[in-house]
Amino acid sequence: MTPLDGLDHRPLRPIWLCRLDANPWPCGEAKLALRAAFADDRSALLTLMSTLQREAENHLTQLDGGRSNNLTDRFLSWAQPPDH
């Protein structure tokens with residue numbers, strides 16, 4: 001079981017869109033659910049999201065003809081503690 005298994009809004013790999021609403025993943029609903037699930041362990045959330053960011057960058061770079069994709073805002077900015 002992975003931390004994403006309990007989410008309704010999971011990524012569709014390798015295109016990294018939400019399986020439920022087709023928005024770029026993590027979509028708004030996924031972000032809310034992840035923040036709630038990791039409310040007491042923000043560092044675990046950041047570790048998970050940075051791992052998923054690397055995976056998504058690899059997939060999307062391959063799909064985009066080798067063009068690099070910077071997904072930091074999409075995967076990490078929202079997961080930072082509010083004082084950052």
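Where does Trp16 lie? Select it and you land in the loop between strand 1 and strand 2; strands here are DSSP E runs of at least two residues, helices are H or I runs of at least four, and both are numbered from the N terminus. Before going on, note that this is a predicted model, where local features need pLDDT of at least 70, side-chain atom pairs count only at pLDDT 80 or more, and totals for chains, interfaces and linings use all residues. Residues are numbered from 1 along each chain as its sequence is written, and side-chain values use heavy atoms, with hydrogens and water left out.

Stay on Trp16 and check its backbone: phi is near 55°, a positive value in a residue other than glycine. Trp16 is also buried, at 0% relative accessible area (buried means under 20%, with a 1.4 Å probe and protein chains only).

Now pick Pro14, in the loop between strand 1 (11-12) and strand 2 (17-18). The peptide bond joining Arg13 and Pro14 is cis, with omega about 10°.

Next stop: the loop between strand 2 and helix 1 (28-37), where you'll find Pro26. A cis bond leads from Trp25 to Pro26, omega near 5°. Ala22 sits in the loop between strand 2 and helix 1 too, and has a positive phi of about 65° despite not being a glycine.

Finally, zoom out. From the N terminus, the elements run β-β-α-α-α. The C-alpha atoms fill a box of roughly 40 × 30 × 20 Å along the principal axes, and buried residues make up 32% of the 84 in the chain.

How values were computed. Buried means under 20% relative accessible area, exposed over 50%, partly exposed in between (1.4 Å probe, protein chains only).
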